[in-house]
Structure formats: structure tokens, C-alpha cells
Amino acid sequence: MAFDTAHVPSGDWKTLLSRRAALVEAELEQTYTGDDVPPGLARVARYSLLAGGKRLRPVLCLACARACAPRGGAGLDRGVLPFAAGLEMIHTYSLIHDDLPAMDDDDLRRGRPTCHKAWGEAAAILAGDALLTDAFGRMAAAPLPPERVLEAVRLAARAAGAAGMAGGQMLDLNAEGHALSCAELVDLNARKTGALLAAACECGAVLAGADAARRAALRRFGEELGIAFQITDDILDVVGDEAEAGKNLRHDGRAAKATWPSLLGLDAARALAEEHCRAAEKAVEPALFDGQEADFLRLAARYLVSRTC
């Protein structure tokens, strides 16, 4: 049974997402604008960083922080935004490097040439290196209690490193042309895609000073959402529209990637995505969370599963 999305607490979720993403865009616009970075490197990094996108990870970080703070936590935005922008810098680095010929070898991202196609492989590698490294400087400078910032930086580093995204990319490369079990594919997805999503949610809770129960619940929300996100992404690679996606589709099949449709078939993959979206929504339980921010998080799970309906 599909989610009932008729009740939207504060308007259409995509509209809410775009409004919140505008806060992130304004913060990202300040990146590499000084004279301390070689202009060529700044130009290449900004080419990918400011290319658009949903800004899902920083928006979720902000929403989770607000959901854990008194009165919706709007006053937290000034402190959390620099950290949230750092998460988007990490995500952008990962896209630049994943698109490289030695990785996924893609030539289109967000409706325009990938970074290495536009500027060359060497410049793209350096731009990714700069974004990943400078992200941690950006996050460490968040004007919040130091112990909260330090713990959130630790979580982000783990999500980006060998136990998270980098390890997931290695598993993905090794899986090409091989059949994986459900458990192996869950592990791959949890690292490559889910790790940064889960960290974004947990970091928001940490930065807001949440208690252990709220922190654990939001991490669980992010983990479930991360798996569902990758399943729907795999499905859209098969049935999606390239113009709408802004990237080349049917790539996974050509590259013999391990995906959920190839393992389960489209119908079963859709059912599994819905199962994880329901689990994500359930994690934001009313006993721990209420108000507009909690509604926004629950609605995120409902919207995600609708992408493939």
C-alpha cells in the first residue's frame, strides 16, 4: 500500500525543500571567493559546488537540529549553516571523484558536463581534494559549543572516510560484474550513499545538544532514508527521464553494477524502498519529536518513495 500523501502539514515538500535549500545556497556562495585560493582552482570547485541540486544533506542537518531544539530552533541556523555547508562540500567532492573515468566514468551531472569533462581530470581531482579538505575547516568553525562541533566533525569524518563513503565506493567498484546478496548490497549502499545522509541527521541532533534518545532516533531515520534513497536511485536509473534527472541514465546496466532492480526486479525493489521509507518515518516518533520540523522529516520519507510510483 502506498503512503497517504494527501496530508501535507506545511505545504508541498518539494517547495519546502527548495526554500530551505536557498539558505544553504546563500552560505555556499561565500565559498572560494577570497584571494587566498588560485583563481583556476576556485573556478573549478565552484563550478560543481554551485551547480544546483536538492541540497538534501545540509537541509536535513538543519531540520534535525531544529527538531531537537526548543521552539523549532530557528536561532540555531546561524550556527548550524556553516556545518551544513561543509556537508554539501563533502557531497560535491564525492560526485566529482565518482564521475572520474577511473570510477563511474560519467560525462553529465546536474544537466551539464561533469567536472572533469569541463575542466580536465587533474583540475577535477584537485577541486575534489580542496572541497573535501576545506569542508572540515568550514565545519570546525561553526559558532556553537566546541564539544558539540568536535563530535559532529568526528561523525562527518567517519562518514566520508574508509568506513563510509570511500569504503563504499571501493565495494561498488569491486562489485562490478558480480552478483551480490541483499546483505552485501545493503552494506555497500549504507557506506556509499547512506553514511553521509545518516551523519547529516545525527550531526544536526548533536549540534543542537540533543539527548541520546533523539540522537539515536535521527541517526536511524537517516540510515533508513539513505537505503531507500539508493534503492529509488537504482530504480530511476532504469525507468527515469534523463532530462529530469540531469544525468545519463541506464548507466548501471551498461557498467554491470550491482543494483536493487537487478537483484530483486523493479516491483520488489519498489516495495523494499517503501519498507525503508516507512521505517524512516516511524523513527521520528511523536513521543520524541513534534512540530513543523518533525512533520518535515516524516514528509521527506513519504516524498522519497513517491519518486518511483
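This is a predicted model: local features need pLDDT of at least 70, side-chain atom pairs count only at pLDDT 80 or more; totals for chains, interfaces and linings use all residues.
Residues are numbered from 1 along each chain as its sequence is written, and side-chain values use heavy atoms, with hydrogens and water left out.

Let me begin with the charged pairs. The structure holds 22 salt bridges, a salt bridge being a side-chain nitrogen of Lys or Arg within 4 Å of a carboxyl oxygen of Asp or Glu. One of them joins the side chains of glutamate 27 and arginine 138, at 3.6 Å from N to O. Because glutamate 27 sits in helix α1 (residues 13-28) and arginine 138 in helix α6 (residues 121-140), this pair ties together parts that are 111 residues apart in sequence; helices here are DSSP runs (H or I, at least four residues), numbered from the N terminus. Glutamate 27 counts as buried at 13% relative accessibility, and arginine 138 counts as buried at 17%, where buried means under 20% relative accessible area, exposed over 50%, and partly exposed in between, with a 1.4 Å probe and protein chains only.

A second salt bridge is formed by glutamate 151 and arginine 215, with 2.6 Å from N to O. This pair links distant parts of the chain, since glutamate 151 belongs to helix α7 (residues 146-160) and arginine 215 to helix α10 (residues 212-239), 64 residues apart. Arginine 215, at 23% relative accessibility, counts as partly exposed. Both residues also belong to a network of salt bridges that links Glu151, Arg154, Glu202, Arg215, Arg219 and Glu223.

What about the cysteines? The structure holds zero disulfides, taking a disulfide as a pair of cysteine sulfur atoms within 2.5 Å. For cysteine 64, the nearest cysteine sulfur is that of cysteine 201, 3.9 Å away, and cysteine 64 itself is buried at 0% relative accessibility. The sulfur of cysteine 68 is 6.8 Å from the closest cysteine sulfur, in cysteine 64, which is too far for a bond.

I turn now to the second largest pocket, whose volume is about 220 Å³. On a 1 Å grid over the protein atoms alone, a pocket is an open set of points where a 1.4 Å probe fits, with protein on both sides within 12 Å along at least five of seven lines, and lining residues have an atom within 4 Å of a point. Of the 13 residues that line this pocket, those closest to its centre are Ala163, Ala190, Ala195, Arg219 and Glu223. Arg219 and Glu223 are also members of the salt-bridge network.

Which helix gives the most to this lining? That is α9, with five residues.

Finally, α9 itself bends by about 60° at glycine 194, the bend being the angle between axes fitted to the seven residues ending there and the seven starting there. This helix is mostly covered, with 19 of its 26 residues buried, and just after α9, glycine 209 takes a positive phi of about 75°.

Notes. Helices (H or I, at least four residues) and strands (E, at least two) are DSSP runs, numbered from the N terminus. Grid points are joined across faces, edges and corners, and a volume is the space filled by probe spheres set on the points.
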